[in-house]
Amino acid sequence: MSRRRKNMDGYEEIYPEYEEIYPEADHSTAKKPKKKRLSRKKRRMRRIRRIVLAIAVIVVLYLTAVFSNIPFIAKWRTIYIMTAMTTNSHQWLATMFIPHSVIEKAMAEQEEALRNSANMNSTWGDENNITEPGLLLQGVAITDDTEKEEFYEKYWEIDSDSVHQYLEANPALLEDGYNNLHIEDFDMKLGLKTVEGDPILVINAPNNLLIFETDGSSYKGKLAIAKEPSQVDLVKAKRLGSHGDKIVTFCEDNDAILGINASGFKDPNGEGNGGTVNGSLVVDGVEYGSHKNEPAWKFVGLNKENKMYVSNYSSIDVKDFRWGLEFYPGLVIDGVEAVNQGYCMGIQPRTTLGQEKDGSLLMLVIDGRQPGYSLGCSVAECTKIMMRYNCYQGMNLDGGSSAVMYYDGRQITKSSSVSGKGRYMPDAILVNRISDK
């Protein structure tokens, strides 16, 4: 494109545009018409409108989150409220942002969901004795009394194919027989699985013990199964009444192969030393704590026949029990889930105890309060995990920063306590060592 304009003598001449002469040149620096600047007043009004819009969006989202009855929103609002309200030091996360009436309503709904378990007590039905390992659960009779078949019957939770293939490739592990099989795989490199697909961390046949990894969308944890209930004891702290002990002390002092936390304790302002147990505590038929007269609380313990009962305190005689304690809520009673699935107690670190019909004791510890690793889970989720492994009686124990599992000289869960080693506790559930082999 060219432009016409008059020269100094008054004649029109054609002048080509700069772009026509130098088409390859960069014309980005050429002057462009300036945009009309908004006045200061208009700029200020535009900023105000943006701020008002942002506030309006926040208000709408807040009102929806706090008051909406949409099931999905209501569910996670309740989980948020219960997560905050079931801690000692973080209740402000709920009380600062959520009206008191909404908090009260959520907690009332949780109490309602818990009520159906108030009158449930373990009876074991027509089961007069604990069954032989694997028989009742598998529904398969042992036809060949070989050590191998007895092993897979006893440890029915193992995925026999994955373990069998590994043992075929490593026959030296069976030089002393299946009853002395000892495998540890905390790095989960061997590919050993349970029947539910969980990675197997430990097969310790000399000590009748299995340990698995378990995880979900919000949690990671460990599930230990003690195949011989007579090996499992509840041990009180040396200075119970004045100061508790940590899990490492419980295990080392009693030469235990495994230990988990158990009872709750008086914990004013989150600074308790674990010395004063909360609820009943029974060791060898002797009571050291005192009954917690709360509707949701249950007594859980092993009687002299090593059968686990989850019952109201008024329904038992502590003298009939090798050991027991009180906490809440009961999770599984005679094979039936004892709490409504809407009951959550928030997303927290958890510890639970259960028993299969063959007598095996389930000890589950879920890590939590660690974003990027494990937040924790609800008691309903714990119940699901236990039921996957045929839990017949199940009980929630103290959780939070007390939740911890210790195995053979090392802590194998990640405690959310300040020290990372768990807290001082009034008692612990221990699996006694049988063999070092």
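1. In this predicted model, the hairpin formed by strand 4 and strand 5 has 4 residues between its strands, and within that hairpin Asn-208 adopts a positive phi near 55°. The two strands, of which strand 4 covers residues 200-204, are antiparallel and are joined over 4 bridges; Ile-200 has Phe-212 of strand 5 as its bridge partner.

2. Strand 5 also pairs with strand 6 (residues 220-226), again in the antiparallel sense, and here the pairing extends over 7 bridges. These two strands make a hairpin as well, with 4 residues between them.

3. How many of the residues of strand 5 are buried? The strand is mostly covered, with 6 of its 7 residues buried. Strand 5 (209-215) is also one of the elements against which the buried residues of helix 10 pack.

4. Helix 10, which spans residues 379-388, has Val-379, Ala-380, Cys-382, Thr-383, Ile-385 and Met-386 buried. In general, an α-helix has 3.6 residues a turn, so residues three or four places apart point the same way. Besides strand 5, the packing partners of the buried residues in helix 10 include strand 14 (330-333), strand 16 (350-356), strand 17 (361-366) and strand 18 (391-396). Just after the helix, Asn-390 takes a positive phi of about 60°.

5. A separate point concerns the open sheet of 5 strands, whose order is 10-9-13-11-12 and whose pairing is antiparallel. Its edges are strand 10 (286-287) and strand 12 (308-311), each of which pairs on one side only. Within the sheet, strand 9 (residues 281-283) and strand 13 (residues 321-327) run antiparallel and are joined by 3 bridges, and Val-283 has Trp-323 of strand 13 as its bridge partner.

6. Finally, the largest pocket holds about 1200 Å³ of space. It is lined by 47 residues, among which Thr-86, Thr-87, Asn-88, Asp-267 and Arg-369 are the closest to its centre. The elements contributing two or more residues to this lining are helix 3 (71-85) and helix 5 (100-114), and helix 5 supplies the largest share, 4 residues. By residue class, the lining of the largest pocket comprises 16 nonpolar, 22 polar and 9 charged residues.

Definitions and conventions
Residues numbered from 1 in each chain as written. Predicted model: local features only at pLDDT ≥ 70, side-chain atom pairs only at ≥ 80, totals over all residues. Heavy atoms only, no water. 1 Å grid on protein atoms, 1.4 Å probe; cavity = no way out; pocket = protein on both sides within 12 Å on 5 of 7 lines; lining within 4 Å. Points joined across faces, edges and corners; volume = space filled by probe spheres on them. Nonpolar A, V, L, I, M, F, W, Y, C, P; charged D, E, K, R; others polar. Buried < 20%, exposed > 50% of the residue type's maximum accessible area, 1.4 Å probe, protein only. Contact = heavy atoms within 4.5 Å. Pairing = 2+ DSSP bridges.
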